[in-house]
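This briefing is for a reader who is meeting the structure for the first time.

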Amino acid sequence: MLGRLPYSVSLQSASFHSGSHSSISCGSKPADYILKRDRWRSSGSFIISMLAYCVTSNAYASFIKSEGRNDPNFLQYFLSFLLFGMPIVYMQIALGQYTQMGMFYFKYCIPLFKGLAYTFMVCVLLQTILAGFIMTDKLMYFLLTFQTTLPWSQCPDEYEGLCIVNSTRLPHTSNFHKSYVFWRYVYMEDPVLQLADVSTYDIPSTQRIVALLTTWIVTFGIVCVSYRYHRKFIHWMVFIYIFGNFIVFLAIVTKKGAVLGLSKLLEMRVEDFYSAAAWNKTVTVAIGGLALAELYHMYAGSFLHQSAQPGALSVGCVFSLLLLKILLSAICTMCEGLIVYHSNAQTLDASYNISKYTVAVFVTIPQGLSYLSLPQLWTFFYFGSNIIISICNQVLHLISMQVAITDMYPNFHKFRVYVFGVICIFSAFIGLCVLPECVFAISQVVFTDVLIYTKCGAVLILSIMIFWVYGVSNLSDDIHFLMGSQPTKYWKICWCLCPLVVLVTLVYLILRALSKRRTYFIIATAGSFVLLSPTVVFIVIELLQYIRKRNLLGTIRPTEFWGPPDPDDRALRRMFNPRLETRYQAHKMVCEHSCLFGNKDLQHIIDQENVSRREYLKKALAEISKSTALIEQLKMKEDDTVEFPAVTVGEVHSALGTLAATVGLTLIIVCCCCSRPQG
């Protein structure tokens with residue numbers, strides 16, 4: 001059985017054959033191309049950083065069910081994360097560890113999809129802009145917690161007719177909870193919630209402009225100062241975030257009405273499992289919640305030790321994320337239970353016309369905490385921990401983009417501060433453009449529908465590229481070469497089905513949008529096409545280049561640079577074919593009686609033969625290197641001529657005479673040997 005020998009194939013049990021590749025290419029990039037990477041100290045450090053990247057404000061509403069919507073139950077989310085999200089996370093982490101490079105290295109895997117990394121970069125950039133936009137609102141709410149009376153705990157005087165009071169709805173067309181009235185009419189100043197109602201462009205309030213600029217200035221300062229030790233910084237921030245939310249959870253769980261919210265979180269109906277809309281939503285939540293269309297998983301995998309287990313890490317990351325999302329969703333549902341208990345009305349009303357994530361963060365939880373004793377304290381913990389995790393998101397977003405760029409263009413490493421500055425300035429500018437209340441509906445479309453369509457399209461292209469075009473067998477061999485053992489059948493089956501799942505999800509999203517909101521669909525489709533345009537443009541460019549080279553199949557085949565960073569390891573990988581010994585290994589694992597396969601002498605002979613093959617391969621690679629160097633030296637000496645010694649006429653005559661004498665003497669000897677004696 002193969003041992004775990006990452007990046008150094010053991011020839012004692014691995015098979016090599018030259019038929020799988022036409023030639024061994026020793027071409028490689030310069031040795032200083034791969035920047036020195038700091039390794040993760042432990043698996044726990046890796047998982048904590050993954051939580052810091054994937055957990056956002058949306059986590060509070062990940063598993064809750066809204067009234068009047070076909071939302072899935074918790075078990076459906078769990079199955080989707082387990083069967084769809086986790087295999088893709090495993091693939092990205094393993095390829096990052098295998099290549100020691102970021103997402104831009106995919107251009108060497110399948111040249112046809114070279115532009116996919118740019119689409120992933122745009123998705124990360126949009127996610128960064130959205131995180132800065134939300135962090136601004138969190139900062140404003142956090143500052144409001146220092147007031148004696150929380151402003152959202154009571155209905156504003158000028159909007160008393162819109163609030164729900166005395167456990168009933170007043171006779172108005174729309175009555176809402178106090179926290180929603182404060183958010184919409186006081187804080188947001190009655191934003192335009194419907195895209196068709198957008199008419200004019202207003203200047204945002206000075207307070208929100210100052211808060212947004214302050215957010216990005218602080219983010220830029222933190223990422224520049226903590227760049228060298230940002231992992232330790234992230235770890236402490238994640239611990240504080242979990243501690244703050246756990247304290248809030250303990251404060252709520254003992255109150256009346258909280259149990260009602262927990263029961264709603266665990267509520268399951270048989271009809272949910274037959275709902276196509278519910279299953280479709282689980283896939284989109286898995287894509288967004290696990291950051292499958294972003295750069296971080298492959299970036300983080302490239303910093304792993306060679307002895308790390310990407311499969312175990314992916315399982316640990318997904319289950320840790322699920323546990324944390326359960327905690328956060330429980331906080332939201334318990335706050336909703338408190339609101340129902342005190343006001344006898346639901347919170348996540350369909351008439352709010354905003355996303356349930358916004359409702360959860362700025363409506364449900366703030367009002368639920370206002371029913372507790374010392375509400376300022378619990379609200380302080382809540383919004384303070386949210387600001388901390390938002391800072392962690394921003395730091396990891398910026399660093400992952402910077403490292404992805406640096407991997408392909410190493411000269412940018414010394415200008416990383418300028419890269420951070422450009423990204424922050426651009427994000428702040430876009431944030432100012434979407435900050436006004438009149439474009440709130442447009443921003444909702446851009447950061448929901450457009451981003452969902454783009455991420456689904458990017459994950460679809462990535463899964464088709466790796467699982468179908470590159471092939472599950474080649475991916476399994478790469479992991480076998482890296483870890484010393486093949487992935488289990490569970491991973492292989494999930495990898496084969498993942499592209500089909502994403503394709504069905506994307507088609508369902510499109511058909512559903514066409515049947516309901518055509519205006520939103522047109523805008524979302526146009527925006528998604530713009531974000532996916534780098535992939536399409538590079539497909540056309542690569543096709544033209546390879547048609548000119550008369551090598552069209554080269555667009556879907558790995559180049560010589562795909563694989564480990566060491567060129568010798570890449571040469572060994574090209575000759576590595578573990579499937580040749582699968583039958584022998586399987587028989588050896590189950591064979592228990594005394595037979596030829598268990599003979600120690602035979603095994604000793606096999607080991608000696610494999611050692612000799614290893615030595616021969618090393619010598620062959622050394623000879624190839626020497627021959628290559630000699631050819632290069634000869635090419636550099638083109639002006640040198642080879643001089644032959646001069647030959648005189650006398651020397652020619654002497655040589656001919658010697659040749660004639662030799663031929664004559666040979667004939668005489670032959671005649672003497674063949675003649676008969678006379679009688």
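Glu-294 and Lys-455 form a salt bridge through their side chains, with an N to O distance of 3.4 Å. This pair joins distant parts of the chain, 161 residues apart: Glu-294 sits in the loop between helix 8 (276-289) and helix 9 (296-301), and Lys-455 in helix 14. Both Glu-294 and Lys-455 are buried. The model is a predicted one, and the points below are grouped by topic.

**Salt bridges**

- Across the whole structure, a search finds five salt bridges.
- Another of them pairs Arg-573 with Asp-478, whose side chains come to 2.7 Å, N to O.
- Arg-573 and Asp-478 are both buried.
- Lys-114 makes a salt bridge with Glu-542, and the closest N and O atoms are 4.0 Å apart.
- Because Lys-114 lies in the loop between helix 2 (74-99) and helix 3 (116-144) while Glu-542 lies in helix 16 (residues 518-548), the pair ties together parts that are 428 residues apart in sequence.
- The two partners are placed as follows: Lys-114 is partly exposed, with a relative accessible area of 25%, whereas Glu-542 is buried, with a relative accessible area of 5%.

**Backbone angles**

- Most residues other than glycine have a negative phi.
- Ala-291 is not a glycine, yet its phi is positive, at about 55°.
- The position of Ala-291 is in the loop between helix 8 and helix 9.
- Ala-291 has a relative accessibility of 2%, so it counts as buried, the limit being under 20%.
- Arg-550 is a second residue other than glycine with a positive phi, near 60°.
- Arg-550 is found in the loop between helix 16 and helix 17.
- With a relative accessible area of 80%, Arg-550 is exposed.

**Cavities**

- The structure contains four cavities of 30 Å³ or more.
- The volume of the second largest cavity is about 60 Å³.
- Its lining consists of Ile-47, Met-50, Leu-51, Cys-54, Val-89, Leu-290, His-297, Cys-317, Val-318 and Leu-321.
- Helix 1 (43-54) and helix 10 (310-343) each contribute at least two residues to the lining of the second largest cavity.
- Helix 1 provides the largest share of this lining, four residues.
- By type, the lining of the second largest cavity has nine nonpolar residues, one polar residue and no charged residue.

**Nonpolar surface patch**

- At least two residues of the patch come from helix 14 (440-483), and at least two from helix 15 (489-516).
- Helix 15 gives the most to the patch, with eight residues.
- Val-507 has a relative accessible area of 41%, so it counts as partly exposed, a class that lies between the limits of 20% and 50%.

**Residues apart in sequence**

- Pro-366 is part of helix 11 (residues 356-370).
- Pro-366 counts as buried, at 0% relative accessibility.
- From C-alpha to C-alpha, Pro-366 and Leu-150 are 9.2 Å apart in space, and they are 216 residues apart in sequence.
- Glu-158 is in the loop between helix 3 and helix 4 (178-187).
- At 59% relative accessibility, Glu-158 is counted as exposed.
- A distance of 9.6 Å separates the C-alpha atoms of Glu-158 and Tyr-185, which are 27 residues apart along the chain.

How values were computed: Residues are numbered from 1 along each chain as its sequence is written. This is a predicted model: local features need pLDDT of at least 70, side-chain atom pairs count only at pLDDT 80 or more; totals for chains, interfaces and linings use all residues. Side-chain values use heavy atoms; hydrogens and water are left out. Buried means under 20% relative accessible area, exposed over 50%, partly exposed in between (1.4 Å probe, protein chains only). On a 1 Å grid over the protein atoms alone, a cavity is a set of points where a 1.4 Å probe fits but cannot get out, and a pocket is an open set with protein on both sides within 12 Å along at least five of seven lines; lining residues have an atom within 4 Å of a point. Grid points are joined across faces, edges and corners, and a volume is the space filled by probe spheres set on the points. Ala, Val, Leu, Ile, Met, Phe, Trp, Tyr, Cys and Pro count as nonpolar, Asp, Glu, Lys and Arg as charged, and the others, Gly among them, as polar.
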